[in-house]
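Me: I'm new to this one. Can you walk me through it in short answers?

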Amino acid sequence: MRKPTIGLSLEGLPAIGLSAFATLVFAAMGWWLLALILLVVTGLVVHFFRDPERVTPEDLDAVVSPADGRVVKVDFAPDPVSGQVRQVVCVFMNVADVHVNRAPVEGSVELIRYIPGKFFNASLDKASTDNERNIVVLGRGAERFTVVQIAGLIARRIVCWAEPGDILRRGERFGLIKFGSRVDLYLPDGYAVKVYVGESVRAGETAIAVRK
């Protein structure tokens, strides 16, 4: 599994490098307006691909958010793998949020399943069933946590660094979704959700559920 080691996601380096190079070229040619515009674009790209360190909660049983953003749904819904009705917490990421996704618990990657689909607004309920998405199942003992990366209206690429058999630490980076998206987390029985719709959460840091 790839593990980013700097304050920027490695996925963003080609885009940042290209934008910065184009800025220098236009500046050297004396096309200052285009150079200024590209400088701003470079700054925005760097901001989008930032990848800050996070501190997980001291409670080792706490389930942390897999994504930065705003909670748009806390409900019960069929798990996309097992079909069992489970608690689900959905986090919507806009273009200003950090887009690196993190493991909600420590566990073994038991399944990764990519599903092609459409690109509806990720804040809508139908995004969970109709949009392009990637499913990651983490096993911890007898418990199974299902994380679904969902592409949004602007997002056109889901990245997953994890592979089946990987052991992820709680809060460890496992992927990202580019330019606005959503992550759904399906919880096993025996957990109480600690966040509410509209609350802002941080990947790897905000405890979104605890054991009852």
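Me: What should I know about the model itself?
Reply: This is a predicted model, where local features need pLDDT of at least 70, side-chain atom pairs count only at pLDDT 80 or more, and totals for chains, interfaces and linings use all residues. Residues are numbered from 1 along each chain as its sequence is written, and side-chain values use heavy atoms, with hydrogens and water left out.

Me: OK. How many helices and strands does the protein have?
Reply: Three helices and 14 strands. Both are DSSP runs numbered from the N terminus: helices are H or I with at least four residues, strands are E with at least two.

Me: And what percentage of the residues count as buried?
Reply: 50% of the 212 residues. Buried means under 20% relative accessible area, exposed means over 50%, and partly exposed is in between (1.4 Å probe, protein chains only).

Me: What share of the contacts comes from residues 24 or more positions apart?
Reply: 70% of the contacts with a separation of 6 or more. A contact means heavy atoms within 4.5 Å.

Me: Surface next. Which residues form the nonpolar patch?
Reply: Phe21, Val25, Met29, Trp31, Leu33, Leu34, Ile37 and Val41. Together they have about 760 Å² of accessible area. Patches take residues with over 30% relative accessible area and no salt bridge; like charges are joined within 9 Å, nonpolar side chains (Val, Leu, Ile, Met, Phe, Trp, Tyr) within 5 Å.

Me: Which elements give two or more residues to the nonpolar patch?
Reply: Helix H1 (13-28) and helix H2 (32-48). H2 supplies the largest share, four residues.

Me: Take Leu34. Where is it found?
Reply: In helix H2. Leu34 counts as partly exposed because its relative accessibility is 39%.

Me: New topic. How many salt bridges are there?
Reply: The count is 12. A salt bridge is a side-chain nitrogen of Lys or Arg within 4 Å of a carboxyl oxygen of Asp or Glu.

Me: Give me one. What does Arg144 pair with?
Reply: Glu110, with the closest N and O atoms 2.8 Å apart. Arg144 sits in strand S7 (residues 143-151) and Glu110 in strand S5 (residues 107-115), so the pair ties together parts 34 residues apart in sequence. Arg144 is partly exposed at 31%. Glu110 is partly exposed too, at 39%.

Me: What other salt bridges can you name?
Reply: Arg202 forms one with Glu205, at 2.8 Å between the closest N and O atoms. Arg202 is partly exposed at 39%, and Glu205 is partly exposed at 26%. Arg169 and Glu172 also meet in a salt bridge, 3.7 Å from N to O. Glu172 is buried, with a relative accessible area of 6%.

Me: Which residues are linked in a network of salt bridges?
Reply: Asp51, Glu53, Arg102 and Arg173.

Me: Is Arg102 buried or exposed?
Reply: Buried, because its relative accessibility is 4%. Arg102 belongs to strand S4 (residues 100-102).

Me: Which backbone oxygens does the Arg102 side chain reach?
Reply: That of Pro52, at 2.7 Å. The backbone oxygen of Gly171 also lies 2.9 Å from a polar atom of the Arg102 side chain. Setting aside neighbours within four places in sequence, Arg102 has contacts including Ser65, Phe174 and Ala203.

Me: What about Arg86? Where does it lie?
Reply: In strand S3 (residues 85-93). Arg86 counts as buried, at 6% relative accessibility.

Me: What does its side chain join?
Reply: The side chain of Asp79, through a polar contact of 2.4 Å. A polar contact is a pair of N or O atoms within 3.5 Å; within protein, one must be able to donate a hydrogen and the other to accept it, and residues adjacent in sequence count only if both atoms are side-chain atoms.

Me: How far apart are Arg86 and Tyr186?
Reply: 100 residues in sequence, and 6.2 Å in space, C-alpha to C-alpha.

Methods:
Accessible areas come from the Shrake-Rupley method with a 1.4 Å probe; for residues, only the protein chains shown count as cover.
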